[in-house]
Amino acid sequence: MKRQYKFPVLLLTAACLLATACNKKLEEKPYTVFTVDYFKTPSGLQSAVNALYSGMRWVYGPIGGVYVLNAGTDEWTYGDQVQGGGELELASYSIPSTNGHILTPWNRNYSNINLANAVIEFAPDVEMDAATKATIIAEAHFLRGLYYFLLVQQFGAVPLDLGSGELKFNQGAYQGFNRLPTDQLFVKNYQIIIDDFKHASDNLPDKRPSNAFKLSKAAAMHMLAKAYIFRAYSAAKQGSDFKSAWDIAKNLIDQQSTYGTGLLTDFGDVNKENNDYNQEILYSVERLPGNPLDNEVANIGSDFSNKANITLNLFNCNYQNNVAIPAGSGKFPCDRVIQYSRPLRQVVPTPYVYNIAFADKVNDSRYDNSFRTMWRATNTNVTGIAVGDTAYYLAPSDEAGDALIAQGKKYRVIKPSEFYLPSRPAIQMFPALTKFDDNKRAAPNDGSGRPLPVAKLSEVYLLAAEAAIGDGRPADALPLVLTIRQRAAYRPGLAAGELTNRQNRMKQKNTGTVSSPVWVDLTSADMTLDFILEERTRELAGENVRWPDLACRNKLVERVKLYNLAAAAKVESKHNLRPIPQTQLDAMNDPDKKKYQNPGY
């Protein structure tokens, strides 16, 4: 992650890796020499777009990507395995400009932006099937827009001119840094992002294939609506942004048959293994099961290398050997197994997640469908507990935990008050995210070959609701929110009457306590940004959206101070942006580097 790149990085090698001609052994013949002219051929364009898809693996799945997009929020803090370095800096807001995790998206996103510029620039003159060409160009626009969108979310204003002019492909090394004036550039950034997503929305296929995450109109419309909403909270805002977001999101919701999308009946099926290509997921970053070479993991046997997707391990607790049964016996009933993954305990839910956002764990199925709270024994180390018996159970509340303990259960019952100390995890046992479970790996430590979701139809409902709220029409937000909440009431096997009761409860809120609830109907008055943010936790916990969710909505400092005690003391307004990486500043030929840095760093 800390390899230094001059700005921007040439992409010839990246594109070559995916081209058939480059698989052959290099021979000393002129026709084997690779030049930019390759991009001016049909196979070169397709290889370039393949490389753009592949580049998203740097963002979604590796440890740095997970921390940059999740840690240090109201939802996620750090676990005991984080002893220092880039992860702790991000999670606790001691972020220097030398942090390797922020350097990775900076370097990688810009190299891919440059490649997208090449595709868009050269494609019009390439002789090939017109429809295929239009799709390739639209894919390049979407992916360039997303690479830029991810950079703007993290760093604010970022250069559009990489050395050859704005949005032009650059072939040579360049030591300039076209970031000034930042306020004007920031406005242009958002307009380019929106224009790219608009082009993709108009020109991508209506539907994606049933067994692949090739881009389609639905994914582009999803990102376009989000871009309008994020701009609406920013210094670049336009008065029509919320209305524009509403129009595009509502169109996607209302025309689901056109776009081949739909909400699943069971929330538990959306992220279920072996159901990755369901109609609710609009776009995922794909990898291949059990094939580290094709997943571009350079050091076979190391799941921390390059583009490996280790998301499933990072959100995991220490089920293996932390809590002895009985206490003090030194006997542990669970071995490290593929089913439960590697217990890396790097990213940990805050009490806000399980005590506030998921206070209702009965009517709302999303907690149980998002987190593992029970582990079964995999050995016979503990007397009275056989293989397959319950070994550990994380109680939904302290009251429920006390009741089970009073019954003298043989397994260990752990109460929510034991999950977390005032500043960080206590006994290393906490609700473990299960959305990314992968049982097709060869060993528990391995990374995952599953696609990692980036855009889902359920989020479009919440974006549309938020847009309506921002546009002063909270009554239009309510039915969209209720659609998502009532879907969450479903659990397989519920009798029809019980399902109806739970769906009715999901149309309400509890104004009492968990043990003594007082239910009242949700109304348009409840449709606020804070309510939407809590609903986003319930629907999207752990799905690599939370840090930009808060930072781009100007809610980061407020909610971290309220809900993340490990970061509350240090977070401040400057942290709505990351620092410009130091290697970028060091590579410049301008001696006055400070003026290019974000305020406060």
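This is a predicted model: local features need pLDDT of at least 70, side-chain atom pairs count only at pLDDT 80 or more; totals for chains, interfaces and linings use all residues.

**A loop residue and its aromatic surroundings**

Modeller: Leaving aside residues up to four places away in sequence, T373 touches Y367, Y392, Y393 and L394. T373 sits in the loop between β4 (371-372) and β5 (374-376). Its relative accessible area is 13%, so T373 is buried, the limit being under 20%.

Now strand β4. The aromatic pairs in the model come to 23. In the pair of F358 and F371, the ring centres are 6.1 Å apart and the planes stand at 80 degrees, so the pair is edge-to-face. F358 is buried, at a relative accessible area of 0%. F371 is buried too, at 3%.

Other aromatic residues group together. One cluster is formed by F142, F149, F186, Y190, F197, F230 and Y283.

Strand β2 (residues 281-285) pairs with β9 in the antiparallel sense, over four bridges. I281 has K456 as its bridge partner in β9. Strand β9 (residues 452-456) is mostly covered, as five of its five residues are buried.

Charges also meet rings. K40 places its charged end over the ring of F122, 5.0 Å from the centre. K574 lies over the face of Y601, and here the distance to the ring centre is 4.8 Å.

Notes
Residues are numbered from 1 along each chain as its sequence is written. Side-chain values use heavy atoms; hydrogens and water are left out. Helices (H or I, at least four residues) and strands (E, at least two) are DSSP runs, numbered from the N terminus. Buried means under 20% relative accessible area, exposed over 50%, partly exposed in between (1.4 Å probe, protein chains only). Contact means heavy atoms within 4.5 Å. Two strands pair if DSSP finds at least two bridges between them. Rings of Phe, Tyr and Trp (its six-membered ring) pair if their centres lie within 6.5 Å; planes under 30 degrees apart count as stacked, over 60 as edge-to-face and the rest as tilted. A charge sits over a ring if NZ of Lys or CZ of Arg is within 6 Å of the ring centre and within 35 degrees of the ring normal.
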